[in-house]
Amino acid sequence: MERIEASITPQQVQQQQEFASLLAALLAAKYDEQPKVHIRTFGCQANEADSQRMAGQLQQCGFMLCDDPDDAQLILFNTCAVREHAEDRVFGNVGRLKQRRQSDKSLRVGLCGCMPQQEHVAEQLKQSFPFVDLVFGTHASPRLPELLYKLYSTGRRVYDISAGQNEIVEGLPIERGSGVAAFVPIMFGCDNFCSFCVVPLVRGRERSRVPQAILDEVRGLVQQGYREITLLGQNVNSYNHDGYDFPRLLRELDAIPGDFWLRFTTSHPKDCTRELLDVMAAGQHICRHLHLPVQCGDDAILQAMNRRYTAQQYLDLAAYARQVMPDIAITSDIIVGFPGENYEQFCDTLEMLRQVRFASLFTFIYSPRKGTKAAELPDDVPRQEKVRWFEQLTALQDELGAQLCQSLVGKTLRVLVENPGKRLALAGRTAGNQIVEFDGNDALIGQFIDVRIAQANGWKLEGEIT
Ligand code: SAH
Ligand code: SF4
């Protein structure tokens, strides 16, 4: 467990430490052995980062982290609300715990993150999942020790879905779970209100961390030997702290000495500037990978999505990125079947794929989210039809992605070794975020090595250490 420097709200952090100590004493008296907690995280990397902070706090409260929920006395679901499918998976997983919760008196179940931050879901949880002991939203997570103390000291259910003040809490403990890769949130929330998206409703207004806190955190991580630092934000390009913007932050982070990779996600095309791409191109540590969600390739749909760029503007941006970084990997997110979208418009998205040649894609079928503008639009395309478009989209990307992988054969790429592979002994990632497998010794895990790409099976790369 490590601590990060700088505290914007030291009283708040200290108060939580006091709750953590009280709870640790209470748990020591209640359980013969140290109680275990299992955290199950759904959704994006922002949730992963939140879970790492909650893990740090739970350790402070006297819990031991465990991988198997069957071993745990506390199971915490950190949830995602971006699509209905994500919510259904959570409901299914939590529902399956009902019997165990009812028969095992020492078990407690908690649910947090984006789902309960929506009022109607919090209400649904209250009504339909009375065996869930603890429910809190994204804004309350820094107060986890306090919430748990309430739960364990009173034995009563605890609900906290307050709207929050959109503050940033510095100085919470973090359990990163890895000594190699670290997430560093640089901004929170989102003000873009893309018409399909629930994130601004559950994560609050956009706010940026103090640059010095970020620089200190990254410097500390590099000194500890972390090899991959990923800067996180719903839209990192709009990072701004009193005029100190994202290109400047990236440039200053890049100047930190050491052997490490710097990544960032997510970039919104409307705020991704040529200056930013120039900083990437000049960088020593910055991976030449740009995750730049386009969502679709048709101007009318882009406008209805409130994305605030045109297909041509996106293509120009991608072209400039390639001009200054010919080896850059561009990845993206696509939504199929936005309300009112017709087949012709969907074909514009296919054309976008052919023009940009994305290294990989996250593809989604549109899912209406309560409280968003798009949820009120008429939607006359049957689900089956959307599924057909979706399959057409993924088939095209498989083909284009495989061609791109094939073009890497014979090249030698720098790879960060991550874990044992599925087919060969080891697996790692390239700067472009592509997974490569190769043979080698376990001791290489966490190291940078050069790998010559020997073959590509579809989008699976295999190589040899040079
Ligand atoms: N902040 C990030 C995205 C967060 S959500 C960004 O702006 O890129 C991640 C992805 O989920 C989005 O890019 C979008 O493709 C998808 N998504 C969001 N809301 C959705 C919805 N209602 N239905 C389907 N996909 C959605
Ligand atoms: Fe959602 Fe758009 Fe904000 Fe991304 S930029 S989180 S898609 S509203």
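Biologist: Which residues come nearest to ligand 1?

Modeller: This is a predicted model, where local features need pLDDT of at least 70 and side-chain atom pairs count only at pLDDT 80 or more, while totals for chains, interfaces and linings use all residues. Residues are numbered from 1 along each chain as written, chains are lettered from A and ligands numbered from 1 in written order, and side-chain values use heavy atoms, leaving out hydrogens and water. Counting a residue as near if one of its heavy atoms lies within 4 Å, there are 15 around ligand 1, and the nearest are Phe196, Gln234, Gln295, Asp333 and Ser367.

Biologist: How far is a nitrogen atom of ligand 1 from a backbone N or O atom of Gln234?

Modeller: Polar contacts here are pairs of N or O atoms within 3.5 Å. For the backbone atom of Gln234, the distance to a nitrogen of ligand 1 is 2.8 Å.

Biologist: How much of ligand 1 does the protein bury?

Modeller: Areas come from the Shrake-Rupley method with a 1.4 Å probe. Alone, ligand 1 exposes 540 Å², and the share buried by the protein is 90%.

Biologist: Which residues have the most contacts inside the largest nonpolar core?

Modeller: Such a core joins buried (under 20% relative accessible area, 1.4 Å probe, protein chains only) Ala, Val, Leu, Ile, Met, Phe, Trp, Tyr and Cys residues through side-chain atoms within 4.5 Å. The largest has 67 residues, and the ones with the most contacts inside it are Leu231, Phe246 and Leu250.

Methods:
Polar contact = N/O pair within 3.5 Å; in protein donor to acceptor, adjacent residues only side chain to side chain. Buried < 20%, exposed > 50% of the residue type's maximum accessible area, 1.4 Å probe, protein only.
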